[in-house]
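The sequence and structure come first.

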Amino acid sequence: MEMTLTYLIGIITFAIGAFGVLIRKNAIVMFICIELMLNGANIIFMGVSKFKGLIEGQVIVLFIMAVAAAEAAIGMAIITAFYRRRGGVEVDKADLMRW
Amino acid sequence: MELMVTTKDIMLILPEIVVFLTAVVVLIADAWGRSRESYLNILSALGLIIAAYFNYKLFGDHGRAFSYLILRDKLAFFANYLFIFCAFVTCLYARDYLIRENRNYGEFYGLVMFAALSMMFIASSSHLLVFFLSLELMSVCLYALAGFVRDRDLCVEAAIKYFLIGAFAAGFSAVGMALIYFKANSLDLVDIVAVKPDLVFVLGLTLFVVAVLFKLSAAPFHVWAPDVYQGSPAPVTGFMMTASKAAIFIFVVRLFYEAFGVNKQLWISLIMLASVLSMVLGNFAAIRQMDVKRLLAYSSIAHAGYALVAVAAATKVAAASVVYYAVAYCLMNLGAFAVISAMAGEGEEATSLERLQGIAVEHPALAAALSVFLFSLAGIPGTVGFMGKFYVFAAGLRAGLYWLVLFALINSAIAAYYYLKVVYYMFMRDPVSLPKVQVGVATGFVVVLLVILVIQNGIIPGCLYKMIYTAIG
Amino acid sequence: MIANFPILTVLIFFPLVGVLIISFIDRKNVNVIRWTAFVISVIEFLISVPLYFEFRLGTPQFQFVEKHPWIKAWGAYYYVGIDGISLFLVLLTTFLTVLSILASWSIEKRVKEYMISFLFLETTMVGVFVALDILLFYLFWELLLIPMFLLIGVWGGPRRVYAAIKFFLYTMAGSVLMLGAIIYLYWNHYNVTGFLSFDLFELLKTPVPSTVVPWLFLAFAVAFAIKVPMWPFHTWLPDAHVEAPTAGSVILAGVLLKMGTYGFMRFCMPFFPSAVQKFALLFLALSVIGIIYGALVALVQEDIKKLVAYSSVSHLGTCMLGLFALNLQSVSGSLLQMINHGISTGALFLLVGVIYDRRHTRLIKEYGGIAKVMPMYATFFMIAMFSSCGLPGLNGFVGEFLTLIGTFQNYPIFAVLGTTAVVFSAAYLLWMYKRVFFQPLTNPANMKLKDLNFREFVILLLITVPMFWIGLYPKPFLERMQPSVEAFIKLSKGEATVSMIYKKDTASSKVALDLSEDTKIED
Amino acid sequence: MQKLVLGVVFIPLLGAAINGLFCWKTRRKAHWIAVPAIAIPAVLAFMILLRVMKGERFDHVLYWWIALGGLKIPVGFLVDELSAMMMSMVTFIATWIHIYSIGYMDHEDDISYARYFTYLNLFVFFMLILVAANNYLLMFVGWEGVGLCSYLLIGYWYEKISAANAGMKAFITNRIGDFGFTIALFLIYKHLGSLIFHDVFALAHELSVPLATLITLLLFMGATGKSAQIPLYVWLPDAMEGPTPVSSLIHAATMVTAGVYMIARSHALFNVAPFTMEVVAVVGAATAMFAASMALVNNDLKRVLAFSTVSQLGYMFVGVGVGAYAAGIFHLFTHAFFKGLMFLCAGSVMHALHGELDMQKMGGLINKMKITGITFIIGALAIAGVPPLAGFWSKDSILHHAFVSGHKVVWFIGTVTAGMTAFYMFRLIFLTFFGEPRDKHLYEHAHENPPVMTIPLIVLAVGSVLAGLLALAPNGGFEGFINRIMRTAHEMVTHGAEHAGGHESGLALIIISVAVAVMGIFLAYSMYIKRVPDPVTMAQRFRPIYLVLYNRYWVDELYFALFINPTVGISRHVLWKIVDVLIIDGIVNGVAGLCSLIGSVVRRIQTGYIPDYAWLVIIGVVIVCGLKILL
């Protein structure tokens, strides 16, 4: 039960994140949703680590968190630059290139 | 799993260390005194040459470093050459471009080298976590590079698109890894091979493959590519289009032949689908493009499709052909973007075909060089592009993928059209308001070098082939 | 034989030397560039002349053979040589290139690039005809598209880009199919023998599974049929011809189209005798349709060049008819007709170019009564015209007659239909001639036309000589062709195997064929 | 012998080459080269003829032209009675016509003058090749070569649209005949394995009858083109656009008779194919009548002569058709004299009248042009068949053979045609030379031509008078001489006939035909001198017939409507504009367009909005995963 719940939460977190990316237009919120997706994966890793007794999983989670942090750093920089040029963080504003 | 770092481990990643140190030195040197016309590119190039030297020294050393996290074999060393070369070329010619854009900053070279470093690790990873981390390191560097000219709208737009979609895909790969881990209890490729596939595993594998395809800009996960490649500064586009894809392809070779080779049926149909879609979407969408960079972006999607033909063939010959194709692809696209970044005027408004038209009148050599790269991309014999295609198709036929190869052949005929279109604009129309073109020494050198390599490998492909074949082992 | 002088290699690469030289000449020295190109092409021609004299008679073996490893790992060789089939096509190429460069004096725009393209084109053309390694052949075959594309696209007429791209893509579409077939043959050879080779003879020796033979045959045939061009793959030709600059048209008609027929002779038919049998009627029918259709459409053209272009469709139909009739006379005739067509249609294009340089129009209705002001020109035009429509005594007749009489032995109906060409060709050419050269001189623009200048006179004189030569004394041509033609027929009929015809020792390979070592691959 | 033959054949070529290559040097002096270039061969040819008379023959290969497998074709010459006679005749007539041309062409500018003689010499060369060839293909070379020269000379005044058209028409029509000829050669080679006369004729009897019939019919098709028989005669009347000496030499005396010569030469083949022989005879007779009928009402001096030529050629075909090859050749021979003569006379008239050809504008010219008039009358008498002039002997021989070989209808037609011939020739004579001048102005300016033109007239007139007497020469006369090479035919036809008919019927036939000729002359006299019945009222009364004849049965128009216009129309509007441009090229461009269309649709996927991209990625993932799970 506990095990299933853990995985389920992981999956649900991931799904919420993915869904959020799809429906939100604000770049920052979208990025937060992506973080959610990564955390969904983290929860699964943690679950595996805990229930199967594999320490490796926790290491992986740490790395993923580091990655998320790095992404956040660069992402915020980009979003800031975008904000400066376009005066907003709504992704619909990024429409110069298409087709 | 025990983590024990020995001297041997360090020795085995010496080239990577050199690249890393060079990047750091460049960043420090830049911080020391920033000047508009600094020669940091030379510094970077020297560092890369040293790295290549160590790579040469180590070539042939075989083994796993850092407790099975990193696999050093001939393929890895060969790949290192490729990435070092790509970074070397990019660093050299980018300076002219960056000076024109008033952005000759050390970060650029640093980021390029960090990206190269991550690619080297991608090519040597035998552990999904290492792959994931390297991939993310590479992506982060490339996000930054894509938006490098941050006061240009297109650049910023490219960066944000790349970043959001890239991070989104990273989420998939993370969860894919998690599912694989759930099933295999390990992310080491050696362990994954042993797994009996079930639904969860297949799902995880598929998600992971999706992430890989995403980075290859293979359809249907190619959507980001045209925008990002078009918007990014030309040298960056050149670099990320070539080196990053080559890195992934080499990992794919590893992944599919070593890890998942045993249960081919799991992924071959997926690869074939991606291959067909990439060729169709890439080639057809490119037909109507009027911007060289965007056109080449679509063409790169199609090229991913061609290479996937060989991936789907899944034989040793095919593995070699994939690597060969990746090398060929790097050479010609780097060349094309070197020329384009020389041609593209200030503010980079000039990559549209109309602006390039008639450029052959003023700059016949430059136009001729670009034509060589374009013909190579089109797969005209005498160029490395043809040999690559030939090899890939041969591998495909060998594996009995008749219809796929036929499809690819027809596609490559269709593709010739849009490459010709560029040649047509350059050679066969009268010039109208040409962008100011300055070809610096470094750019000139790079272009000549690449032209020679493209033609030489197109006429005498033997030595490169042999290197790759032995690298595949 | 000139002892071990690598004459074919020199022939292939000498124009590239010219390219190199020209690329170091300042683009403003237009005349220097022209003369350099001309001298290079003349030397190239002179180098090719010994081929004719040193050619050993009475043997189908390949001569002047050179074989060096090229891509050892793939079993690809730099393997060149000529036999009676390719000998004259090579000579035709070098000959026409000289004339074409001489005819390109009127090019004023970007002369340097023009001459570079042209010499590069020559390299690839010679390469196509002498390559005995199928990969090498393919390399030249496709490479050739680039200079031709540029020649049409940069220096052509108003719709040049459309024409150039159409030419390129159409040919390429066929070529990729051929590439697929080549790769298949390659692997098939490997499966049978266990080593890799692109060597033409090795591949010819290898039996191909009979189920795939028709497909491979068609893949090759389509590629070559497009180049020939056979009906209904011909529509690129009128466009390309009309838009190409004069010299481009000459080369296009004189040499490039021959590559299609040559391809049939060298690859397509000897490779797949059973398919030849199966498809012979289809191809004969297409040839005959091409003959009649081309002639009829030529009849009503309003543009002289287009007329000549459609006449090419008709003439090449005759060549194809002869090839598929597979009989000594018909094939020799067809081969001779290829050369004839190169000469007479080449001459016609040169002639049209002369008048185009003066008036910048090729519409028939713009002219009339030109013979009055340009008698010398009219005379040359008439000779070329009669050569083209097969007047006895000139070259066209010998080729056409041999082709048809040979075809008649095997396929009387097709030969009879093909013979209607004698009526039609006279009709469209004479009608055009009448409208251009005869009738009153009414258009004021034509009143002051100058007759040929010395350069043009020399060109036309030079191209007229072989017309009479072949017409009156074709023996030197026929006797050189005959053994190779016989070999071709035997192969294409499946009456003989390669090893029965081509002996290893006479094909004097310069390197020991150690194919076992590094060309084996395992999966 | 060999030197003689080569001399005869190649000296004219030399002349042509000199005049052709150096026309800007020879210019007005071109005839100093051209005339000897024919006269010398004429002498040589006569020497050859003398030696042949002594029984010498000659069959020599100069070199092997085409030798490929079983196909061996030499450039080689055959001299026997037939070709020796033809060579002599051709060179003889040609010599005088060349001389005549000096006067006739003196209005031309210098270069054109040289050009004219070049063509004329070239023509003689090809004609000699034609008659001297020892194989079919070389004969075909000459055959086409004379066609070429005919084309060049008809279109000599190329600035005239009618001349340019006529030249083209002549060549293309001939080519239609050549089509048949070529196929015949293919058949001969296929079934007899050679094209050399010697081999072919030796094996001819081995051919099955249907095959021989097919071959000979095809050969005859070639002959109808070259010798202007139904249905390919249409080019000859138009060919009169050329200079008159050309009409005389090419379109009366020599080239047009090539068909007859060819059939006579191929007698061995024709003998195997009786059906073809019938066809030849019938077509010949029909043509003779048909052409004569058109000559009845035509007012163009040269066109009348042209129709007359067609008609006379018809006679020759009757001759060879009924198996009397020698008679046909004899008529060919005599016809060369009198028809050549009459054309030259017509040219003389034209020259005097500055190119006027309409007989309705002439009249009374005999007063001004005595020599021309008299020689013309001699020619007319000869063609009308008045004894003892040349035409009488040969025509009569043909009719006789036709009758005795049982072709009664053919004979009848021939005889009626003889009457018509006499009528229209004398109509011409009377309209031109007698009566009141109808165009005073023209008449005033008329004058007799210089000797360079009249002497050839006189020579040919003498020939027209005397040539027929060769029939009385020893050893069977002319026909006997020719028959030396066609023994079989001779024996088969003539001997059989003579047994059947004998000489009595011969005499009766002669009387009938002479009577008919005299009647024709008389009728012409009464109509055009006495004006009873008045030709104009006759024309009114029989208007439909007159119109039909005057418009030459609308055959030209019919050919245009049936063949030429549909061909051009279909080619242009269907084959080119629809099949080629719309369908075939349409498909090609359509494929390209389709690719482009797909391209513009596919690129719409790339909307540029990040959420859309995210959706696409998700959709891709779902599809891929779905497929993986389902499959």
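The sections below go from the conventions to the chains and then to single residues.

## Basis

This is a predicted model, in which local features need pLDDT of at least 70 and side-chain atom pairs count only at pLDDT 80 or more, while totals for chains, interfaces and linings use all residues. Residues are numbered from 1 along each chain as its sequence is written, and chains are lettered from A and ligands numbered from 1 in the order in which they are written.

## Contacts between chains

Of the 5 pairs of chains in contact, chains C and D share the most contacts; two residues are in contact if their C-beta atoms, placed from the backbone, lie within 7 Å. Here 44 residues of chain C meet 39 residues of chain D. On the chain C side, the elements that give two or more residues are α12 (273–299), α14 (328–359), α15 (370–373), α16 (375–388), α17 (395–410), α18 (412–437) and α21 (475–493). Helices (H or I, at least four residues) and strands (E, at least two) are DSSP runs, numbered from the N terminus. The largest share of this side, 12 residues, is from α18(C). By class, the side of chain C that touches chain D holds 31 nonpolar, 10 polar and 3 charged residues. Ala, Val, Leu, Ile, Met, Phe, Trp, Tyr, Cys and Pro count as nonpolar, Asp, Glu, Lys and Arg as charged, and the others, Gly among them, as polar.

The contact between chains A and B takes 36 residues from chain A and 32 residues from chain B. On the chain B side, α6 (128–146), α7 (153–184) and α10 (224–231) give two or more residues, and α7(B) gives the most, with 18 residues. That side divides into 20 nonpolar, 6 polar and 6 charged residues. Chains A and C do not touch, and their nearest C-alpha atoms are 24 Å apart.

## Chain B

Chain B has 21 helices and 2 strands. Its C-alpha atoms fill a box of roughly 65 × 55 × 40 Å along the principal axes. Of the 473 residues in chain B, 71% are buried, where buried means that 20 or more other C-beta atoms lie within 10 Å of the residue's own, all placed from the backbone. Among contacts in chain B between residues at least 6 apart in sequence, 80% join residues at least 24 apart.

## Hairpin in chain D

Strands β1 (residues 58–68) and β2 (residues 71–79) of chain D pair in the antiparallel sense over 9 bridges; pairing requires at least two bridges found by DSSP. W64(D) has P74(D) in β2(D) as its bridge partner. The hairpin has 2 residues between the strands, and G69(D) takes a positive phi near 60 degrees.

## Nonpolar core

The largest nonpolar core has 735 residues, and those with the most contacts inside it are A116(B), A307(B) and V309(B). Such a core is a set of buried Ala, Val, Leu, Ile, Met, Phe, Trp, Tyr and Cys residues joined through C-beta atoms within 7 Å. Its largest share, 24 residues, comes from α7(B). Leaving aside neighbours within four places in sequence, A116(B) is in contact with V19(B), F83(B), I84(B), C86(B), A87(B) and A243(B).

## M432 of chain C

M432(C) lies in helix α18 of chain C. M432(C) is buried, with 23 other C-beta atoms within 10 Å. Beyond its neighbours within four places in sequence, M432(C) is in contact with I304(C), L307(C) and I364(C). M432(C) and A298(C) are 134 residues apart in sequence and 9.6 Å apart in space, C-alpha to C-alpha.

Terms used. Buried ≥ 20, exposed ≤ 12 C-beta atoms within 10 Å, placed from the backbone.
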